[in-house]
Amino acid sequence: MADPLHHVIIGSGSAGFGAAATLRENDPDCRISMITMDSLPFYNRYDLPRIFRGCTDWHELLAVPPAYYSENRITLRRHNKVVDVDGKTQQIRLAHQEVIHFDSLLVCAGGRAYLPETLIDSAPLMHGFGSYEAAMRLYRDLPENGHAVMIGGDMIGIDLALTLLDTGRRVTLVTNAQTFWPHEPDDELRAQLLQALARRGIEVVQDARPATVTTPEGAERGRVVAFEDGTTMTADVVIPSCGLVPMVEFMLNAGVDIERGLLVTPELGTTHPHIWAAGDVCQIWNDEEKAYKFYHGWKNVRVMGELAARNIKGAHEIFDVKVEDRIEVDDQGNIHSTFWTH
Amino acid sequence: MAKSRNGTDIQFAIIGSAGDGTIAAGDIMKRAAALMGYKVIAFDIYPPEIRGFGKCISRIRISSQQTYSLKHKSDVLISLNDSHAIAHVGEVRDFGAVLFEDSPIAAIPEGGHISAHIAAAQVPYGFANRRICEEATGKARSRNIVALGYAAGLFDIPAEIFHEIIAQKFAKKPQAVTDDNIRAFDAGFAAGKATFKLDDVRVGMPQQVANGKDAVMMTGNGAVARGFLEAGIDTYFGYPITPATSIMERLAAALPRAGGRFLQTEDEIAAISATLGAGYAGARAATATSGPGLALMTEMMGLGVMAEVPFVVVVSQRGGPSTGLPTKTEQSDLNLAVFGGSGDARRIVLAPTNVEGCYRCAGMAFEIAEKYQTPVIVLIDLYLSNRFETVIPPRENVFAPKPRIKPELPENQPYRRFALTDDGISPRALPGDEGHMHTVTGLEHNELGRPSDALHQQMNAKRHDKLTSATRYPGLTTCKRFGDEGRVKVGILGWGSTFGEILETMYAAQDEGISCAAMKVVMLSPLPEERINEFFDDCDHILVPELNHEGQFANLVSGALGRPVVRLNRTTGAPMMVDEILAEVRRLAQTGIGEGTHSPVQQQGATT
């Protein structure tokens with residue numbers, strides 16, 4: 001009897017998890033391995049603001065009970081970093097020197113938080129929000145009546161900022177080009193959106209470029225944001241929120257086309273016959289626009305994972321955008337984003 | 001009433017290869033925990049092979065309240081070598097932690113890294129052990145200490161305690177070794193401290209911090225040696241054999257300093273012959289061996305019974321028969337210890353159930369042997385020999401020999417060394433006592449000791465009956481009941497090292513609402529039948545879990561009392577597990593004897 005096919009999924013977020021579940025549904029016998037740098041089984045990162053509403057136990061954030069993985073024979077490899085994918089030999093090399101063979105590879109690695117170059121040196125003093133651990137560190141370091149400075153303000157960040165306001169924190173938003181990422185509102189809409197945020201209580205600072213983040217002299221806690229114009233601002237925490245950059249470095253030897261993300265067909269296949277991609281890591285060919293496009297948002301990403309899995313098993317389905325990119329302000333001044341639809 | 005279990009109760013499993021410092025790391029962990037005031041039970045498993053081969057495991061259970069065995073599931077696994085640790089990932093409970101090297105330098109085959117085997121419900125902690133170690137010390141040698149430091153940092157265990165133990169451990173080496181290891185520990189500690197903790201393992205404060213300095217970490221073998229020394233052992237003759245060797249090693253170092261004599265003989269027969277000779281001469285004499293050694297010693301055991309010579313033999317059981325499983329535990333030498341040898345050769349057999357029991361039994365064994373003028377066997381096993389527990393020894397030596405009272409010589413009568421007395425115990429003189437010349441022989445003899453078959457029946461009865469009162473020996477726990485009083489659904493009867501698991505099972509059963517009691521039997525020969533019988537009277541069902549195939553203790557008890565027992569037998573080489581005893585208790589509580597589903601091993605034992 002031939003060995004069962006080994007389907008490897010890089011990433012354990014919405015796309016990766018959806019793919020694993022779909023693969024199992026379509027093939028009871030195959031091997032499924034999910035490789036992730038995360039510590040926890042799949043949880044929805046869009047739910048992380050719930051931490052500030054008292055949901056601090058990670059068990060409550062999990063999308064499925066841990067037993068789901070063993071019951072469905074899905075090998076979940078956490079703390080695993082992929083350093084190279086060799087398309088010719090169909091092998092993945094992990095940072096801990098293990099080599100894994102794949103029959104099919106689905107890359108759902110997502111993206112890492114983008115940080116403007118001027119702030120890279122200050123990164124250790126800022127509070128990310130990309131994982132449960134990071135969110136909990138932020139929760140720990142930001143007291144209930146504390147002050148957070150958010151730099152950028154992508155849609156994940158805006159959601160967080162509104163939650164922080166609702167739970168008694170003060171938020172200052174220092175805008176930049178990534179504000180409202182992945183939306184790209186025109187100037188008029190952007191102004192409306194910022195006004196809406198200000199009305200909600202967020203202190204909006206425009207046209208100020210942060211230069212450094214430091215700790216207050218002699219203090220154990222707190223941060224000082226220094227701007228290029230020489231002004232400063234103190235806060236308990238500084239949160240960078242400038243969108244995502246696709247994580248594709250490990251794919252450079254894979255023999256697939258890369259632009260900013262992995263370039264895939266509407267069936268989510270790459271230029272390698274055994275490699276697919278889904279989620280925030282890939283740009284999908286849009287035949288109408290004759291361009292490769294990113295499609296963000298939880299629903300899109302999940303659908304991509306499931307679709308890619310079916311196509312890996314022989315289907316030829318085309319990605320149909322579930323949620324069009326849209327952001328608006330209603331008559332009551334509330335912001336609505338398709339990015340938040342989940 | 002069920003015993004409440006609150007506070008800290010954490011089990012660490014450190015797993016690596018020989019040469020990785022696995023046992024050393026476990027040793028530091030257990031000693032640090034004991035110094036902090038925790039109760040500690042620990043057990044090390046290591047291979048007989050040379051460095052670089054074979055699996056080493058150090059399991060350490062630390063608790064704020066007394067516990068009685070290792071847990072079936074560990075809370076934390078520290079992998080020092082994935083090739084060995086992978087097979088044990090499944091022993092980590094849900095939401096427990098698995099600590100491992102995430103930056104090894106050598107290529108690993110697919111599936112060879114432990115992260116591929118950690119279940120979703122377990123929490124992985126990968127850390128760059130080698131890099132941390134090299135940055136801290138310039139070498140990779142102290143990775144075991146880095147791992148310890150990482151665990152201490154992660155679980156918020158004070159570093160200072162570890163510093164003290166590390167300094168003690170390396171005290172005989174150059175200061176640089178201690179310094180390197182403390183640097184390695186601190187670097188690991190910092191990494192662990194900086195790690196976001198996701199598991200639900202909580203290490204709280206011990207309840208009896210004040211006892212930390214008084215508590216002594218001992219293995220069963222160490223406890224035997226300490227008991228012997230406090231009892232004033234004069235001579236030890238031994239031949240090395242796993243798992244008893246460390247008794248010999250300890251006494252080889254300590255006994256000459258205490259004014260005694262130590263000799264490693266050419267084999268077990270020589271060892272027991274010399275022991276018997278020394279015992280005859282009035283010395284407190286002992287030897288230690290394992291099942292194969294005891295098989296060789298049985299002839300001299302018989303002579304000791306016949307000649308009524310006091311001496312002590314420690315038997316640490318391992319898997320048998322023959323050479324068997326030298327590094328695995330078993331309880332299959334009961335028959336040999338109680339019945340081995342020719343003729344009717346009743347002797348005293350004590351089977352302690354924990355490390356403190358080893359200390360007490362060894363300490364009292366000489367006195368008992370001398371009182372009853374017969375060999376005493378202290379029957380332990382590998383699991384008890386190598387198991388560490390915290391013991392708080394009495395501040396004063398309670399085992400020191402009392403001055404010997406020389407027997408009075410009746411007027412105008414020859415000294416009758418083997419006089420038939422009411423209690424069967426004859427006046428014992430030592431060689432050289434003026435006027436007490438007598439004959440000693442392995443032949444049946446008369447009261448003077450001279451060969452004669454005329455009194456064979458009386459002498460057999462004397463040698464047998466004189467031991468009966470030993471079941472009520474003052475200061476010695478020969479058997480003891482635990483748990484619910486009065487009538488209970490299930491009684492668990494046990495002996496030796498398995499009794500720890502039995503006690504844990506009993507408490508677990510009580511927590512489930514099953515009326516349950518347990519009795520440990522320390523004196524296997526003569527058997528304290530009266531109290532065991534009372535226990536039987538109180539129990540709807542009697543379960544006897546033991547680590548042998550035939551149910552040797554079950555046979556002993558049911559044969560002596562003529563009452564049925566339910567057997568639970570395992571010969572996996574590993575200790576009995578609480579879960580499997582508990583399953584049988586549940587079955588008995590619900591369905592009774594002969595009903596329900598038996599495992600194949602249980603079926604062969606059925607009921608008697």
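How exposed is Phe95(B), going by its C-beta neighbours inside 10 Å? With 16 such neighbours, Phe95(B) counts as partly exposed. The scale behind that label calls a residue buried if 20 or more other C-beta atoms lie within 10 Å of its own, exposed if 12 or fewer, and partly exposed in between, with C-beta atoms placed from the backbone.

Before we go on, a word on what you are looking at. This is a predicted model, in which local features need pLDDT of at least 70 and side-chain atom pairs count only at pLDDT 80 or more, while totals for chains, interfaces and linings use all residues. Residues are numbered from 1 along each chain as its sequence is written, and chains are lettered from A and ligands numbered from 1 in the order in which they are written.

**Chain B as a whole**

Chain B holds 19 helices and 20 strands; helices (H or I, at least four residues) and strands (E, at least two) are DSSP runs, numbered from the N terminus. Its radius of gyration is 26 Å, close to the 25 Å that the globule rule gives for 608 residues, so chain B is as compact as a globular protein of that length. Here the radius is taken over C-alpha atoms, and the rule is 2.2 Å times the number of residues to the power 0.38. Along the principal axes, the C-alpha atoms of chain B fill a box of roughly 85 × 60 × 45 Å. Buried residues make up 54% of the 608 residues in chain B.

Two residues are in contact if their C-beta atoms, placed from the backbone, lie within 7 Å. Among the contacts in chain B with a separation of 6 or more, 76% are between residues 24 or more positions apart. Chain B also meets its partner: 20 residues of chain B are in contact with 24 residues of chain A. On the chain B side, these residues divide into 13 nonpolar, five polar and two charged. In this count, Ala, Val, Leu, Ile, Met, Phe, Trp, Tyr, Cys and Pro are nonpolar, Asp, Glu, Lys and Arg are charged, and the others, Gly among them, are polar.

**Domains**

Chain B is divided into domain 1 (9-214), domain 2 (217-391), domain 3 (407-475) and domain 4 (479-605), with bounds that come from an automatic or database domain assignment. The C-alpha centres of domain 2 and domain 3 of chain B lie 24 Å apart. Their contact takes 16 residues from domain 2 and 17 residues from domain 3. On the domain 2 side, helix 10 (291-307) and helix 12 (355-372) of chain B each supply at least two residues. Helix 10 of chain B gives the most to that side, with four residues. The domain 2 side divides into 10 nonpolar, three polar and three charged residues.

Phe95(B), from our opening question, is found in strand 5 of chain B. Seven of the 10 residues of strand 5 (residues 92-101) are buried, so this strand is largely enclosed by the rest of the structure. Strands pair if DSSP finds at least two bridges between them. Four bridges join strand 4 (residues 74-79) of chain B to strand 5, and the two run parallel. Strand 5 also runs parallel to strand 6 of chain B, joined to it by five bridges.

Helix 6 (residues 175-193) of chain B has 19 residues and reaches 26 Å from its first C-alpha to its last, close to the 27 Å expected at 1.5 Å a residue; the expected span is 1.5 Å times one less than the number of residues. Its buried residues include Asp180(B), Phe185(B) and Phe189(B). The buried residues of helix 6 pack against strand 6 (123-127), helix 3 (129-137), helix 4 (143-154) and helix 5 (159-169) of chain B.

**Backbone features**

Most residues other than glycine have a negative phi, and most peptide bonds are trans. The table lists some exceptions.

| Residue or bond | Feature | Angle |
|---|---|---|
| Trp181(A) to Pro182(A) | cis peptide bond | omega near 5° |
| Ser525(B) to Pro526(B) | cis peptide bond | omega near -10° |
| Lys290(A) | positive phi | phi near 50° |
| Phe95(B) | positive phi | phi near 65° |

Pro182(A) is found in the loop between strand 10 (170-174) and helix 5 (187-200) of chain A. Pro526(B) lies in the loop between strand 18 (523-525) and helix 16 (529-538) of chain B. Lys290(A) is in the loop between strand 19 (282-286) and strand 20 (291-293) of chain A, and Lys290(A) is exposed, with 7 other C-beta atoms within 10 Å.
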